[in-house]
Amino acid sequence: MRLQERDDALTALGGLLDRSLQSRGGVALISGALGVGKTALLQEFAEQSVKAGAAFLPAVASRAERDHPLAVISQLFRPDLLPSAQRVQPPEAIAGSYAPAFRTIHEALDKLVERKPTVIGVDDAHFADQASLQGLLYLARRLRRSRVLLVISARNDWVHVEQQFHAEVLRLPNSASIRLQPLSRSAVAAILAERLDRKTAHRLSAQCHRASGGSPLLAHALAEDFRIAAAATEPQFAAGDNFGRAVLGCLHRGEPSMLETARGYAILGERASPSLLGGLLGLDAGTAARAVNALIAAGLLHAGRFRAEGTQAAILSGMSADEKRPLHQRAAQLLYENGAPAAIVADELVAAGGVQAPWAGPLLRTAADGAMLDGEPGRAVTWLKLAHRTCADESARAVIAARLADALWRVDPAAAAEHLPELVTATRTGLLNGSHAALPYFHLLWLGRTDEALDLARSINHADDAAASQIKQALVADFSQLWLPFCYPGLAGQPPDERAMPATLATSALAPQYRAAAALAAVMAGSPAEDVVGAAERVLAGTRLHETTLMPITAALLALFYGARPDRTTYWCEALLAEATAQRVPMWQALFATVRAGIHLQRGELADAERQAHTALTLVSPGGWGVAIGAPLAFCVYTATATGKYEQAAAYLNIEIPEATFQTLCGVHYLGARGDFYLATGRFHAALADFQTCGRLLCEWGIDVPAIVPWRVECVRAHICLDNIKQAAELLNDQLALLDGEPSRVRGLTLRALAATRDVEDRVPLLREAVDIFLAQDYRLDLTYALADLSDTYRRLAEYKEARTTARSAIQFAERCGAEPLRLSLLAKCGDDAAQSADSGWIARLSRAERKVALLAAEGYTNRQIAQRLSISISTVEQHMTRVYRKLEVTSRSSLWPRLHFDLTARPPVAG
């Protein structure tokens, strides 16, 4: 590997070597920062010296031997290097002056030089003991007329400290000082080019030069990391393991203060300053300044920050937990005393595992409050966990547990359940009041533990502390009165009724809650008037998303959803999704994504519905959804069934859900989706049972509103599959009695189902009205099914032109929606190659008379029926059929339909 930008240094050393070969010995002092390449240069020169015929005697100083006299010089006593030096006594046996030892080694050198010129190379002289330095000076003074070249390498900062040694060496004849500088960008590019292609090396050279500071050690490490990364992908600037090892190796070869200072920078990060570093490390100003300069010279620091992003991580990874903990503790204390933001101090407290200081707990809670407002619930959870773990006060610990459970519910609701026992106990014993008192009640209901929730509510009523009991009872009563009818209609004891809301709430601080609850109650009562929808939108427009406003916002959104306002629901849902995403609250995002999935599903946008429902289940695990899991699972099952992914739908249905889910509207949606899956896969009785359960629950709860779940229509579908036409008709009559006659999605569904119970001659008006409703309100999937039914009806009525046109539209909508089973069903009736029938010219091969016969035969008519409809003889029909088979290259009537049905432009109307 070629040394970059070291040719001048090698030339200078070569000149000294040439003079020493002529008995003009000399000294060279190589200096430079850590990692600048001093050792590499010395090794390269050693190889050149040996090739030139010189002997090379190496010695390496070590920090561990700095206090051992003559530790460096004694490396030259080895008999294999200086055979005549065997008479020299070990350094520890020499008393008084070291002069005898120096004379002995000088004599041995003289004898060696008689045979060949010699180069003595001493590396890392900044670690050399004082006795060895005296010995090196002793030799240097006596090299003037010898064939010996002494080459010493040392760090820049050592040269400044050992000024006397440096000055004495350089005043000698035939001496030279060689100072190595950091590499230029072009040299770094050359290092990269040794491992990468030239184009990539040039592209990365500026970043690599910036990150390494021109240090060959770091540049080589980065280049190797890039080479490894290139095996998997296009190399980008990224410090890897080699760089990390190079950083640690560089620091451990420096002075202890350099390593300490680097660790201080790693602990403090962007917050590092001279004053904080001094307080953190306990170093005096001079030592700290020298350490900082050494880090700058080594290419690690620039403008008070690490040059490369991976440096901090590498240094921290090289520290044990016992080494980091006290530094983090001191850093937290210093940052707090210097007025650093609460979030910064809180991060240090977490890294330190906490500190025993009265200010720590309140600061963590303050930081958590700020994180919740800033949309960082994950950080809030981390800080509150530490506050909870280190808090000794029972009352304060209960409040922290409540705040922690609230933060966890936003990020991972399943984890919030871990704190429920503590919260329930705290509520019962009066440790929790105010807004925290209703939290355990809410969480128990969310998880489906209804008996425990109701028992907790009863215990609050009988609490010993009357004042605390009143506060808790009021909070739980507010929740029960406003939201329990929607969350658990069966537990509320009465259906939601906007008139039952206390009028005092309308002007209180809970006005948004009241208006939202009233709007949703009106919709669930079956009267979604425009002013109610307007009230819901006013709540959404005037309420910022926050933990205290989540329920009224969700209620207002559901009022729009159940009130059949998909356009407005879409608008507000997207706005809320954006806000929840900005605040980085997974639970909120999942809730709004679920509603968005329901809207997409209603509108026949199956791919988008599947994506949003899947996102909801990805953001929050099924276990974290509690009883609400029924909603996202329902939409997942609906979309999987509609798109023909039956195995995927079955997998969703295999996910375990709480039993209490079926006490909620989410459970009703789940039952409807499961029934839809059963119906699509031929399990008609199971489907009917699920649909009937939906109806029974809604009727029991007093919210039998078709707009919420049109269970009667679903039952009709199952009854028709089971040939229970009479029961189907009765259900539809009941359904029509609940509708107000206005065009709506439910009315369209009802009309389509009603058509299936009527004679074929009576179906067209019903289906046409359903098609008009779905088309006007943009319910594409419902429209597709209605068009398919209408096409089939036209075909049965022998109105083939209308059947063709309608079938074409149905297939187009099925493709847009992604309703693959429906599309395949239509194609099965029409033929797989139908779309290309016009180009293939099948019908063009037939005469007009043959077309009429072939089309009727394809519809399933017998020869006799065809003869009667066309007023021709059976014999003529048989003759036409023989020619049709030959021209269309088929052998049976079942093969006629694929050949003919989709050639819609060529197909003429059949007479009579």
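Which loop holds Ala-303? Select the loop between β6 (301-302) and β7 (305-306), and Ala-303 is there. Helices here are DSSP runs (H or I) of at least four residues, strands are runs (E) of at least two, and both are numbered from the N terminus.

This is a predicted model: local features need pLDDT of at least 70, side-chain atom pairs count only at pLDDT 80 or more, and totals for chains, interfaces and linings use all residues. Residues are numbered from 1 along each chain as its sequence is written, and side-chain values use heavy atoms, with hydrogens and water left out.

**Two positive phi angles**

Stay on Ala-303. Its phi is positive, about 55°, although Ala-303 is not a glycine. Most residues other than glycine have a negative phi. Ala-303 counts as exposed because its relative accessibility is 70%. The classes are buried (under 20% relative accessible area), exposed (over 50%) and partly exposed (in between), with a 1.4 Å probe and protein chains only.

Next, select Glu-889, in the loop between α47 (874-888) and α48 (896-900). Glu-889 also is not a glycine, and its phi is positive at about 60°. At 54% relative accessibility, Glu-889 is exposed.

**The largest cavity**

Now go inside. The structure holds three cavities of 30 Å³ or more. A cavity is a set of points, on a 1 Å grid over the protein atoms alone, where a 1.4 Å probe fits but cannot get out; lining residues have an atom within 4 Å of a point. Grid points are joined across faces, edges and corners, and the volume is the space filled by probe spheres set on the points.

The largest cavity has a volume of about 710 Å³. Its lining comprises 30 residues. Select Cys-487, Thr-554, Leu-558, Ala-628 and Cys-666 to find those nearest the centre. Then colour the elements that give two or more residues to this lining: α22 (439-446), α25 (484-487), α27 (511-524), α29 (550-562), α31 (586-602), α33 (630-642) and α35 (665-680). Helix α29 provides the largest share, seven residues.

What classes of residue line the largest cavity? The lining has 26 nonpolar, four polar and no charged residues. Here Ala, Val, Leu, Ile, Met, Phe, Trp, Tyr, Cys and Pro count as nonpolar, Asp, Glu, Lys and Arg as charged, and the others, Gly among them, as polar.

Select Ala-516 in helix α27. Ala-516 is buried, with a relative accessible area of 0%. Beyond residues up to four places away in sequence, Ala-516 touches Trp-483, Val-539, Pro-552, Ala-555 and Ala-556. Contact means heavy atoms within 4.5 Å.

Thr-450 is the next stop, in helix α23 (residues 450-461). Thr-450 is buried at 8% relative accessible area. Leaving aside neighbours within four places in sequence, Thr-450 is in contact with Leu-444, Leu-445, Tyr-488, Leu-491, Ala-660 and Gln-663.

**Salt bridges**

How many salt bridges does a search of the whole structure find? The search finds 40. Each is a side-chain nitrogen of Lys or Arg within 4 Å of a carboxyl oxygen of Asp or Glu.

Start with Glu-255 and Arg-155, whose closest N and O atoms are 3.3 Å apart. Glu-255 lies in the loop between α10 (241-253) and α11 (256-268) and Arg-155 in strand β4 (residues 148-155), so the pair ties together parts 100 residues apart in sequence. Glu-255 is partly exposed at 22% relative accessibility, whereas Arg-155 is buried at 4%.

Move to Asp-406 and Arg-410, bridged at 3.4 Å, N to O. They are four residues apart in helix α19 (residues 394-411), so about one helical turn separates them. Asp-406 and Arg-410 are both buried.

Then select Asp-792 and Arg-795, with closest N and O atoms 2.7 Å apart. Both lie in helix α41 (residues 780-796), three residues apart, about one turn of the helix. Asp-792 is buried at 16% relative accessible area, and Arg-795 is partly exposed at 22%. Elsewhere, salt bridges that share partners join Asp-347, Glu-376, Arg-379 and Arg-584 into one network.

**Last stop: α4**

Finish at helix α4 (residues 130-140), where nine of the 11 residues are buried. Among them are Leu-133, Gly-135 and Tyr-138.

Note on methods:
On a 1 Å grid over the protein atoms alone, a cavity is a set of points where a 1.4 Å probe fits but cannot get out, and a pocket is an open set with protein on both sides within 12 Å along at least five of seven lines; lining residues have an atom within 4 Å of a point.
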